[in-house]
Amino acid sequence: MDILRGLPEGSRLSPTLFGICVAELILELRAKFPHLRFPGPQITSIDDLNWIGAFLYVDDMVLIARSPAQLQSMIDACQDWAERSRMRINHEKTEVMMFYETPPQRATRFPSTFHITTRFPLSRPPRTLPLKEPLTFKYLGLTLDPYLTMEAAMKHICWKINAAHQTVAAVAHSLRYDSSATDRGIRSSPYVLFRIWQPCVLGFATENLRYLVTNAQIDAVERTLVHSLQRTLHCFTSPHITMIELGIPPLILQQALQLVALHFRYTVLHTNTIAAKLYNLRCKFRCSNAHPQHTIENRIAKAHSTLMISSTYPGHPSMPRSVTLAKPKNKGKSYTTFLKPIVSTE
């Protein structure tokens, strides 16, 4: 059968061709909903980066609306474009989440639910497909909840650590009992088991640390991580001693490193992005008494104090020679490398 439309699976051109095709949808949404922009001259001075109605990552798109009615109109516009382009929106994977919605707002919301109305093919009557409103929503690997408490993200991190530990435990069991007697001691030594555990489990604990907002959440992830390490090595000494002996800094320090590196990214590397402009704007109101405690700018300020480099905050961070001489695309990695000894000595 000849395939007359679509993209070849696995082709290196597929993302580029799809980006060209879906750019038409973004232009349509911008034309129909032009008021979805950042307020204030600090943001609107950016020509093409101040419209925030949709964020597109390959074929994964997020719509941002100011009201339920506006969101439903944006969904309808996306469906109209998809039918004209002979595409189908997967309604089973399309979900809606209202952030910071109070019970009175929920009770008076209009429309109360959201849906996709499909009119293709024309030989069938239109169908209304309801969209789910889950309690948690996973976007690009990060689990979000409606009030951004990040409790769901913490629980998902712990779940991934435990799931990865099961794989490591199966490998460790095989090394202990499926090897010859002469090789068993070498293959199942603590050093070998740690080298297996480190890339399989540790990455899940540190991947999204910057998004956790309370010390209790970090402590919960660290307890799960240490428990996995102790079971792998069959070593049940003090958790802090175990991590120090194996060269794993406490997660609270690793989170501080990630937040300081994020500040470097927003103030030095990518200053003209929406995130950087919004971050710098919010930093101006950080000293207000009404400012929430767990905002990203407050946590970044606390991270500088944790690593005892608060003298450089909130201005531009001081850059060592290794970072200054690095290529522009490598400056972020070089700055993180510069911070790692500070975390180790803490």
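Arginine 106 lies in helix 4, which covers residues 103–107. The structure is a predicted model. This briefing starts with that arginine, then turns to the cores and to a pair of packed helices.

**Arginine 106**
- Arginine 106 has a relative accessible area of 43%, so it counts as partly exposed.
- Leaving out residues up to four places away in sequence, Arginine 106 touches Glu101 and Glu133.

**The nonpolar cores**
- In soluble globular proteins, nonpolar side chains tend to be buried together.
- The largest nonpolar core here has 26 residues. The members that touch the most others are Ile161, Trp197, Val201, Leu212, Val221, Leu225 and Ile248.
- Helix 5 (151–177), helix 7 (190–206) and helix 8 (215–233) each give two or more residues to this core. Helix 5 gives the most, with eight residues.
- Valine 221 is in contact with Met154, Ile157, Cys158, Ile161, Ala205, Leu212 and Leu251, setting aside neighbours within four places in sequence.

**Helix 10 against helix 12**
- Two packed helices are described by the angle between their axes and the distance between the axes.
- Helix 10 (residues 251–269) packs against helix 12 (residues 296–306) at an angle of about 115 degrees. Their axes are 8 Å apart.
- The crossing of helix 10 past helix 12 is left-handed.
- Helix 10 brings Leu253, Gln255, Ala256, Leu259, Val260, Leu262 and His263 to the contact. Helix 12 brings Ile296, Arg299, Ile300, Ala303, His304 and Thr306.
- By class, this contact has eight nonpolar, four polar and one charged residues.

Technical notes
Residues are numbered from 1 along each chain as its sequence is written. This is a predicted model: local features need pLDDT of at least 70, side-chain atom pairs count only at pLDDT 80 or more; totals for chains, interfaces and linings use all residues. Side-chain values use heavy atoms; hydrogens and water are left out. A nonpolar core is a set of buried Ala, Val, Leu, Ile, Met, Phe, Trp, Tyr and Cys residues joined through side-chain atoms within 4.5 Å. Buried means under 20% relative accessible area, exposed over 50%, partly exposed in between (1.4 Å probe, protein chains only). Helices (H or I, at least four residues) and strands (E, at least two) are DSSP runs, numbered from the N terminus. Contact means heavy atoms within 4.5 Å. Axes are lines fitted to C-alpha atoms, for helices over the stretch in contact, and angles run from 0 to 180 degrees between N-to-C directions. A crossing is left-handed if the near helix is turned anticlockwise from the far one by less than a right angle, and right-handed if clockwise. Ala, Val, Leu, Ile, Met, Phe, Trp, Tyr, Cys and Pro count as nonpolar, Asp, Glu, Lys and Arg as charged, and the others, Gly among them, as polar.
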